[in-house]
There are 2 protein chains.
Amino acid sequence: MNQKYVYFFQQEKADGSKEMKDILGGKGANLAEMAGAGLPVPPGFTISSEVCNMFIQSGRKVPKEVEKKVQDHLKKLEKVTGQELGSEENPLLVSVRSGAKFSMPGMMDTILNLGLNDQTVEGLAKKSQDRRFALDCYRRFIQMFGDVVLKVPKKKFGETLKNKKKEDQVEYDYQLSEKALEDIISQYKEIISQESDRNFPQDVNKQLFMAIDAVFESWNNPRAVTYRRLNHIPGDLGTAVNVQQMVFGNIGEKSGTGVGFTRNPSTGEQELYGEYLLNAQGEDVVAGVRTPSSLQSLKDDIPEVYEQLQEITDRLEEHYQDIQDFEFTIQEGKLYMLQTRNGKRTGPAAVKIAVDMVEEGLIDEKKALLLVEPQALDQLLHPVFDTKEKEKQNKLAQGLAASPGAATGQIVFNADDAVSWKDKGRTVILVREETSPDDIHGMSASQGILTATGGMTSHAAVVGRQMGKPSVVGCGDLRLNEEQKTFTVHSKTFKEGDWISIEGNSGEVLSGKIKTMPSEIIQVIREEKKPEESPVYQYFSKLLSWADKERKLGVRANSDTPEDARMAFSFGAQGIGLTRTEHMFFERERLPYIKKMILSESEEDRRKALDKLLPFQKEDFYELFKEMKGNPVTIRTLDPPLHEFLPKKEDLMVRITELKNSDNPEQKKIQELQKLLARVRELSEFNPMLGHRGCRLGISYPEIIEMQARAILEAASQLKKEGGEVLPEIMVPLVGTVHELTNQKEIIHKVAQEVMEKNQVQFNYSVGTMIEVPRAALTADKIAGEAEFFSFGTNDLTQTTYGISRDDGVAFINHYLTSGIWEVNPFQTVDEDGVGELMKLAVEKGRSTQPKLKVGICGVQGGDPRSIYFCHKLGLNYVSCSAYQIPIARLAAARIALEEKSGSSD
Amino acid sequence: MNQKYVYFFQQEKADGSKEMKDILGGKGANLAEMAGAGLPVPPGFTISSEVCNMFIQSGRKVPKEVEKKVQDHLKKLEKVTGQELGSEENPLLVSVRSGAKFSMPGMMDTILNLGLNDQTVEGLAKKSQDRRFALDCYRRFIQMFGDVVLKVPKKKFGETLKNKKKEDQVEYDYQLSEKALEDIISQYKEIISQESDRNFPQDVNKQLFMAIDAVFESWNNPRAVTYRRLNHIPGDLGTAVNVQQMVFGNIGEKSGTGVGFTRNPSTGEQELYGEYLLNAQGEDVVAGVRTPSSLQSLKDDIPEVYEQLQEITDRLEEHYQDIQDFEFTIQEGKLYMLQTRNGKRTGPAAVKIAVDMVEEGLIDEKKALLLVEPQALDQLLHPVFDTKEKEKQNKLAQGLAASPGAATGQIVFNADDAVSWKDKGRTVILVREETSPDDIHGMSASQGILTATGGMTSHAAVVGRQMGKPSVVGCGDLRLNEEQKTFTVHSKTFKEGDWISIEGNSGEVLSGKIKTMPSEIIQVIREEKKPEESPVYQYFSKLLSWADKERKLGVRANSDTPEDARMAFSFGAQGIGLTRTEHMFFERERLPYIKKMILSESEEDRRKALDKLLPFQKEDFYELFKEMKGNPVTIRTLDPPLHEFLPKKEDLMVRITELKNSDNPEQKKIQELQKLLARVRELSEFNPMLGHRGCRLGISYPEIIEMQARAILEAASQLKKEGGEVLPEIMVPLVGTVHELTNQKEIIHKVAQEVMEKNQVQFNYSVGTMIEVPRAALTADKIAGEAEFFSFGTNDLTQTTYGISRDDGVAFINHYLTSGIWEVNPFQTVDEDGVGELMKLAVEKGRSTQPKLKVGICGVQGGDPRSIYFCHKLGLNYVSCSAYQIPIARLAAARIALEEKSGSSD
């Protein structure tokens, strides 16, 4: 056993590097990397996390061997700094900090100013020529040491300090006199003696090892254990310990401390961005007692330091190839970097920075793609609140984040009001118990939609996403009174015309009007703005054009309407992966025929009603084919159970009861409603999701699928004859056994032959299936014998694999996520262990029968970057997502292809 | 290519045997086997089914090579019989019959009396000394040949025959004179010439080959193709052709024909059982013109033939080791066996025969087990209708076969009436729209239960099965008027007090009173009869004791009540595999507390309500433990969503509307109901099966599972302290991710520690989980890290794997089964390709983590023999089923173990 265990770092020289997080922890690896890159980092050493495990296993003792190594490294540190731990002349002070592989902010302990005792404090006073400063450091050290190492309750120190300030009639700590600090120090020592039954150690070596032990101990403190459990961080990683020379920003006006970004993290502009305080320590910036200055004014305050900073931050970007978020301290005119990390940035900034860096020659296009998180693009596509204005408003309630974007407007309670208010030039938010197809015109007229009930697949949510309207649904705290046109939330009442704001990304509902900014990119896509007039659009499209060169996955859109398809095409969709035909049925002029079809008692009557629907459907499909210009268009045959198109049982029952109890009951009307109710009852289901839907409908009523196939193929014929190109893919939903697909396929092929013969036209089309129940995945080898393509319907597949309805899951999903039972929400991100395992099986089995089988995904997870990574790894041909997610998918697909190439994807 | 293709058979000598069904077909193999066993079979030969495929592939021609072989075999047949095809002196007549590997009754063609023409008919006349007989044979042959070979419409012949009878003023065919027959023959020939454009062939060789061709052709007739599709018989098997010497039972009084069983197939008594007609052909028996005599009287009619028959049937049983169902013909005092096969028998007969045969030394115990189909035992456990009486009654309607057994009684329409009628000594059938927990007393008082709505898991179905009450549910044709106490079915109206009968095995509803016989075995189990007084019980328990020696699978019961557990134990249950605690909640005195618990707004109130439930639950479990005498008792924690315990939304809405519209609205009542409605709405779910239930409840409301764990463990402690033995297995439902199980397990273990410490008692208990959603199976390796046992909940697992709710599936499942989309109903028999694949994965993954993991099944499929076979092959430890299915499961488990040993299980 002759391992290293302790790693030294100093400017230009470091034993470690940023790749060594496993044993140095995040902080230690970062310090080593910075030092190694020649940045002015205060020197120090890192005790590896392996020692933490040894410490725990050996009954909380640092092994002798390691103790020896620490002593050696301490000597080296003294040599490098020219200071000495415990020296009364030039005392070395150090910080002792934890740092695990994964960041656990605030969970473990830190000790600063270690090395001070009754003697060295005077050495520090002499050297800094500031005895008050030295005493304050000592006071702080005793307090931290007492708390962290000796487990003395914090509040004991707090009370003492408070009393002293009261006694001396001062308000702030920094106003305390030397005398007062001396008193406090002596009282602190007293507290320690009483509370811990031991004296505050004057032996600085003892201080150091006690502190190291305490940091290791803190790995297993209850807070840390809980944090790890919730964040799924293994308990056996252990923490490293960083011992580093202290530098002080509070020794006079040539000293200071600050934080900054190498570029503007909000806009991406290339400028040093941040703030600093002279003669101050980090805590002072946080405490907010003094107002920090903008980094730009450092140029005037200490020009030579600003120059150093400029030079160093350039090196930072060059070294890290990314925007950096850094902390620094200036000690008597000398700049020290304490920390640097990749800077968080807004979506627009991310895109600009990545593209700028390529143009500056700092990075190449591939690296640029890796600098932008796919999800960050979403910020460029929806209106957003002005952050400052948003902070001023109260959050009223939390609903489900159904459709992204920020919206502000005056409250209206029904669709007609929404339209008439809009016509008067007002902006409105439509607030409903839940929406129905009758509300479409009102939804279209509103800035955003808010409903009290309904889940992520409710009408409001689905239509909201389709229209790109910010929507918050299932906001259970809302108590609506639609008649009186008011709602109450937590005993606050709002009426028609009051202003509210909703944020569809977060599900937040806020009171009042909040300024929103439109998305420039959407303006360009909608041709409301010219591309050349929008730099944001330029950046955006440049980045995505790079992405298209790298990605292997195709990207298609889930689109039900020509408008939506057009937008998707502009966003770069290479086809339509899912058209839900039922949404077409809900339109006002069609619904009566649908109802008639459902209420038919004979096949003949059903066919008559279907004949009326045929021209509508044909027109729908014709437009879609036209918009997609010969790219594949996947159309799913009717999926939802028929009762979805009829009124609700309970509403009919109430209506009948009302009529019966009225003074003059209309018997005819009652009978009519009773007949309708009987049919509704007949069709009503205990679990509609698991009921008579999908291909089960097409098998029970072949005339329905026949009509749909005819509409699709007639539309294709027409366009083809007009000289257009078409590529219809007819997709059969909810197949669980291959015979279901065979049944539907036979009908479709028969219709196709008829239609092509009749129209004297030939074109390619294919028939495939959704893989959306576990059995389809499990028997995919058989199904692939009949299917020309697979498309994973991961919404239903997730619901059936878990046995959880997404809508009903609202009752417990949140608790599952916060309590750590679920790591991620499988309804947003593919659950790789369960659903993903089925997908893997389906791809393998499917391609064992048909090696070139085309496989895609059209569930909501198809637009989620993590899921897109997974789909790439499974070898899918394409992902299909909503129009707004297409840019995200293009970027995500490129990134996983790049990561796979570089071997970092696992 | 020098294959055999044609196989000869004659008494004592046969080229084939019963194992050769693949090429000889069922009939050919059987004839070969009988002949080989020395039975008097008319000689003949079989052309193999390979030839059928050659015939089809070569454009409907029998290859020359085969034609040659047929000629050779024909020669041999002539030699063996001493007759000659086409001879005018001693003509050989043959039958030409199809016979495929799998029986396809009536689907393909048969030709009798081949070899007759204008000359040979006179030879036959001479030989039989009965010219009328010969002419009749000829007439029949021309008709069959015309129909089958020459495709002349049957009705043409029929009309001619009818006209002739009219003309001659006779009623029956056999009354036709020789002259009339001559006329008919000549008219038949005329018809053939006209209809088929060819003459009836006088060349007997041509007759033979045309007939062979026609039989091969018939393999692909539309009826046969459809039959194969529906029965999943591959189309490339082909049919064999059997050419066999004709024998005649209609040549005088020493001739005859008959059918019989070697034992009584209804009771199992050891006696020749059957009927015969002298001077008759098989068709005459079927035509029912003359009444056949019982086989016993053959002893007097032709004693020497009876002796032959007695001797032959003994040999049959010895050879086939099973009861035989045979056909024979007597031609002038000589007995010929035409067919024999294992006889179908009733359940009681099957058991008696198997046990008798062991005692007679004919077979061993293992073979006896293989002679009884497990499902046959069901007939011994339920009351059955007297078959003859049942035939007299009209079938009114068809419902779902929810709980087996026959019941007859007077109609009542509510539970209270059921009780009061019963108290007056009447037997009643309770007819309801659907039942609820409030009907329990009425259900208990009834002979059987009939409901108009609800599926196989409806309240009526579940409780019916539990009580062992014959039940038919979801009988959609019933239109109930509960107020007027009538129901109408297909425009026939029944009122209170009318008699009806229901058969829970088939779902049939019949009008009128039908005599039922009670099950003797149940009488013994219920201690209403002594075992030694019931021979049926003796046979039954002897057979099952043999089964127990062979089986490897354990058999447990699904029991929720002590009564049920006691019965299960008497049936041989080795423990309880599933106790559903929620059914205990539905009892009248407990429901209020459940409601209170659900309506609680704070954890504190919830705990108070739960405290009230604890003693009830403890008592329930205590009794179960006691009944099971130390065997394992698996108790599932609360599973259904809470709203199941509350009134329905629509009923509340209607009630509120009624109150509001009444003349004097009670505001307080309305408000109260509105509050209840609000909570019901809050809890209501779109898809309750996929909602807030199972362990999700226990995680949201830990106090519920805590109470249940306490009740279980307190009950166990009490019994243990009283000196009893206990082995509780606590089962967590609906786990989809291991963390759910961990969460619930921690609570249970904590309670266990408390309870054991408090009671100063120690006992073993375990915590395991249901595997009932696909994700549990897919991640079984992880779950097995926490679970002490698995139990497959194949009801929910099937529903989620298919994405089909069993109750809602009624809308299409029947169509799926009849149209062949499904081969079997996966809700009755484990779907091996899908659900079974998941089970296999779960067993493999689970045991990869925990090699000795105990795995069982507790879904309804656990009582289904085919599924039990599958469970055995998967290596499960036990199956759990309802008390009534335990004997079936014991036998099924023994049979698969035996079949596996003999290598015939795949």
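Contact means heavy atoms within 4.5 Å. The views below show a predicted model, in which local features need pLDDT of at least 70, side-chain atom pairs count only at pLDDT 80 or more, and totals for chains, interfaces and linings use all residues. Residues are numbered from 1 along each chain as its sequence is written, chains are lettered from A and ligands numbered from 1 in the order in which they are written, and side-chain values use heavy atoms, with hydrogens and water left out.

View 1. The predictor assigns the complex an ipTM of 0.83 and a pTM of 0.83.

**View 2. Helix α25 of chain A against helix α25 of chain B.** Helices (H or I, at least four residues) are DSSP runs, numbered from the N terminus. The axes of α25(A) and α25(B), each covering residues 649–661, come within 9 Å and cross at roughly 20 degrees. Axes are lines fitted to C-alpha atoms, for helices over the stretch in contact, and angles run from 0 to 180 degrees between N-to-C directions. The two helices are therefore roughly parallel to each other; angles under 35 degrees count as roughly parallel, over 145 as roughly antiparallel, 65 to 115 as roughly perpendicular and the rest as oblique. Among the residues that meet are M653(A), V654(A) and T657(A) of α25(A) and M653(B), V654(B) and T657(B) of α25(B).

**View 3. Helices α5 and α6 of chain A.** Helix α5(A) (residues 131–148) packs with helix α6(A) (residues 154–167) at an angle of about 155 degrees, their axes 9 Å apart. The pair is therefore roughly antiparallel. R139(A), I142(A), Q143(A), G146(A) and D147(A) of α5(A) make the contact with K154(A), F157(A) and L161(A) of α6(A).

**View 4. Helices α2 and α8 of chain A.** Helix α2(A) (residues 49–57) and helix α8(A) (residues 204–218) pack at about 85 degrees, with axes 10 Å apart. This makes α2(A) roughly perpendicular to α8(A). V51(A), C52(A) and F55(A) of α2(A) meet D213(A), F216(A) and E217(A) of α8(A).
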